[in-house]
Amino acid sequence: MLISTRPGLYGNFIWSYKDGVPITSDGVNRSTSYNLLNVKFGYQRELSKHFNLDLSLGINNLTGVQYPIMILPTSYRMRTYQLR
């Protein structure tokens, strides 16, 4: 959601929910679900016809939630080879 004012101040926040996903191919083990909140505040102004000023400050993961970056499902079989 973006909120802006006539003098050029603006604020933006994004909330996203991620549901748990299966980690194993049988679906028994799952990652946990989590919520993320990102915010951004700033100031915009048109300096001239060709130049704009945009100063902003943003914070990702404002609530400090720990979440998995990458999940690799174990849907393949490990094969071992024996050297002769």
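## Report on a predicted four-strand model

The protein chain contains 0 helices and 4 strands. The model is predicted, not determined by experiment. Read from the N terminus, the elements of the protein chain follow the order β-β-β-β. Of the 84 residues in the protein chain, 12% are buried.

### Sheet and strand pairing

The 4 strands make up an open sheet in the order E1-E2-E3-E4, and their pairing is antiparallel. E1 and E4 are the edge strands, each of which pairs on one side only. On average, and with direction ignored, neighbouring strands of this sheet are turned by 15 degrees against each other. As a general point, side chains in a regular strand alternate between the two faces of the sheet.

| Strand pair | Bridges | Sense |
|---|---|---|
| E1 and E2 (residues 9-18) | 3 bridges | antiparallel |
| E2 and E3 | 10 bridges | antiparallel |
| E3 (residues 34-46) and E4 | 8 bridges | antiparallel |

Individual residues show how the strands are set against one another. At the pairing with E4, the bridge partner of Gln44 is Asp54 in E4.

### Turns and connecting segments

E1 and E2 form a hairpin with 4 residues between them, and Gly8 in this turn has a positive phi of about 115 degrees. A hairpin also joins E3 to E4, through 5 residues.

The loop between E2 and E3 contains Asp19. This residue is exposed, because its relative accessible area is 51% and the exposed class begins over 50%. Asp19 and Asn35 are 16 residues apart in sequence, and their C-alpha atoms are 8.8 Å apart in space.

After strand E4 (52-59), the chain continues into a segment that holds Asn61. Asn61 has a phi near 55 degrees, which is a positive value in a residue other than glycine.

### The aromatic pair

How many aromatic pairs does the structure hold? The structure holds 1 aromatic pair. Its members are Tyr34 and Tyr67, with 5.0 Å from centre to centre and 20 degrees between the planes, and the pair is stacked. The class follows from the angle, because planes under 30 degrees apart count as stacked. Tyr34 belongs to strand E3 and Tyr67 to the segment after E4, so the pair ties together parts that are 33 residues apart in sequence.

The accessibility of each partner is as follows. Tyr34 counts as buried because its relative accessibility is 15%, and the buried class covers values under 20%. Tyr67 has a relative accessibility of 33% and therefore counts as partly exposed.

### The N-terminal region and a nonpolar surface patch

Which residues make the nonpolar surface patch of about 320 Å²? Met1, Ile3 and Phe13 make this patch. Met1 lies in the segment before strand E1 (2-4). With a relative accessibility of 60%, Met1 counts as exposed, because the exposed class takes values over 50%.

Leu9 lies in strand E2. Is Leu9 to be classed as buried, partly exposed or exposed, and at what relative accessibility? Leu9 counts as partly exposed, because its relative accessibility is 49%. Leu9 and Leu55 are 46 residues apart in sequence, while the distance between them in space is 9.6 Å, C-alpha to C-alpha.

### Summary

In this predicted model, an open sheet is formed by 4 strands in the order E1-E2-E3-E4. Tyr34 and Tyr67 form a stacked aromatic pair, and Met1, Ile3 and Phe13 make a nonpolar surface patch.

Definitions and conventions: Residues numbered from 1 in each chain as written. Predicted model: local features only at pLDDT ≥ 70, side-chain atom pairs only at ≥ 80, totals over all residues. Heavy atoms only, no water. Patch = residues over 30% accessible without salt bridge, like charges linked within 9 Å, V, L, I, M, F, W, Y side chains within 5 Å. Areas by Shrake-Rupley, 256 points an atom, 1.4 Å probe, with all protein chains shown as cover. Salt bridge = Lys/Arg side-chain N within 4 Å of Asp/Glu carboxyl O. Helix = DSSP H or I, 4+ residues; strand = E, 2+ residues; numbered from the N terminus. Buried < 20%, exposed > 50% of the residue type's maximum accessible area, 1.4 Å probe, protein only. Pairing = 2+ DSSP bridges. Axes fitted to C-alpha atoms, helices over the stretch in contact; angles between N-to-C directions. Phe/Tyr/Trp six-rings, centres within 6.5 Å; stacked < 30°, edge-to-face > 60°.
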